[in-house]
Amino acid sequence: MTKQERAMNTRHALIRSAAQAFDQHGYTRAKLAGISAGAGVSTGALHFHFDTKAAMAAAVETEAARILHAVARRVHRRSPCALQALVDTSHAFAQQLCWDVVVRAGFHLNSRTSHAAETDLLQEWLECVRRYLTRAAKEGTILAGASAEDMTATIIGATIGFEGLARRDREWLSRPTLSSLWRALLPRLATPETLARLEPAGTESALSAAGGSAVPAPGGREDTARETPGD
């Protein structure tokens, strides 16, 4: 293993250890000594990669955003239409929030900690929902008279609320819970012909493509082209 590879592995271990500390203790109570110990490195090695705890938090947020972008691209490629892609993306993101501590901690830091961040994950999710609904309208799969803005507000409010509730009970991000939400919303949104084809529980091909934690690190094939889900 080269020196560069060892440094990259150390950095990844520190990011994951930091995410675990932030997820368990919160940003304020997380200790750098505990983060370095969790990664199996010295505090000197930690400071070689990150000057401050704030820099570590920023790295966790950046990695969470990278993972979610990669998952969104995979789902987008597999879903048959815009409305199904929206459903599938919500399920895939919920899986990541449940399974991947980096995504969970990064999303929480980004959306509920007062600090300047390079990316706004809540805003990106809002824009993702809007793009999919706009695309669905162009596809002719939305009911005439259905308000995209009202439905966007409902979807955002429900899904972000589920994320907050899931910090106490992960069942709020489970597939059955999200499926119940979509079974309630889709009849008010999709045309009857489209509704008959939609799967509120998500399509298996798209969710398997999202892949849990198996998202390549930067430099892998998923990072070679950035496409915007919903476009």
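## Helix 1 against helix 6

In this predicted model, Arg-16, Ala-19, Gln-20, Phe-22 and Asp-23 of helix 1 meet Val-101, Val-102, Arg-104, Ala-105 and Leu-109 of helix 6; contact means heavy atoms within 4.5 Å. By class, the contact of helix 1 with helix 6 has six nonpolar, one polar and three charged residues. Here Ala, Val, Leu, Ile, Met, Phe, Trp, Tyr, Cys and Pro count as nonpolar, Asp, Glu, Lys and Arg as charged, and the others, Gly among them, as polar.

Two packed helices are described by the angle between their axes and the distance between the axes. Helix 1 (residues 3-25) and helix 6 (residues 101-112) pack at about 60°, and their axes are 8 Å apart. That makes helix 1 oblique to helix 6 (angles under 35 degrees count as roughly parallel, over 145 as roughly antiparallel, 65 to 115 as roughly perpendicular and the rest as oblique). Axes are lines fitted to C-alpha atoms, for helices over the stretch in contact, with angles from 0 to 180 degrees between N-to-C directions. The crossing of the two helices is left-handed, meaning that the near helix is turned anticlockwise from the far one by less than a right angle.

Nine of the 12 residues of helix 6 are buried, so helix 6 is largely enclosed by the rest of the structure. Buried means under 20% relative accessible area, exposed over 50%, and partly exposed in between, with a 1.4 Å probe and protein chains only. Among the buried residues are Val-103, Gly-106, Phe-107 and Asn-110. The buried residues of helix 6 pack against helix 1, helix 4 (53-78), helix 5 (82-99), helix 7 (121-139) and helix 8 (148-165).

At 1.5 Å a residue, the 12 residues of helix 6 should span 16 Å, and the end C-alpha atoms are 16 Å apart, which agrees. The expected span is 1.5 Å times one less than the number of residues.

## The chain as a whole

The protein chain has 11 helices and zero strands; helices (H or I, at least four residues) and strands (E, at least two) are DSSP runs, numbered from the N terminus. Buried residues make up 47% of the 231 residues. Of the contacts with a separation of 6 or more, 73% are between residues 24 or more positions apart.

## Ser-208

Ser-208 lies in helix 11 (residues 204-210) and counts as exposed at 54% relative accessibility. Ser-208 and Arg-74 are 134 residues apart in sequence and 9.4 Å apart in space, C-alpha to C-alpha.

## Basis of the values

Residues are numbered from 1 along each chain as its sequence is written, and side-chain values use heavy atoms, with hydrogens and water left out. Local features need pLDDT of at least 70 and side-chain atom pairs count only at pLDDT 80 or more, while totals for chains, interfaces and linings use all residues.
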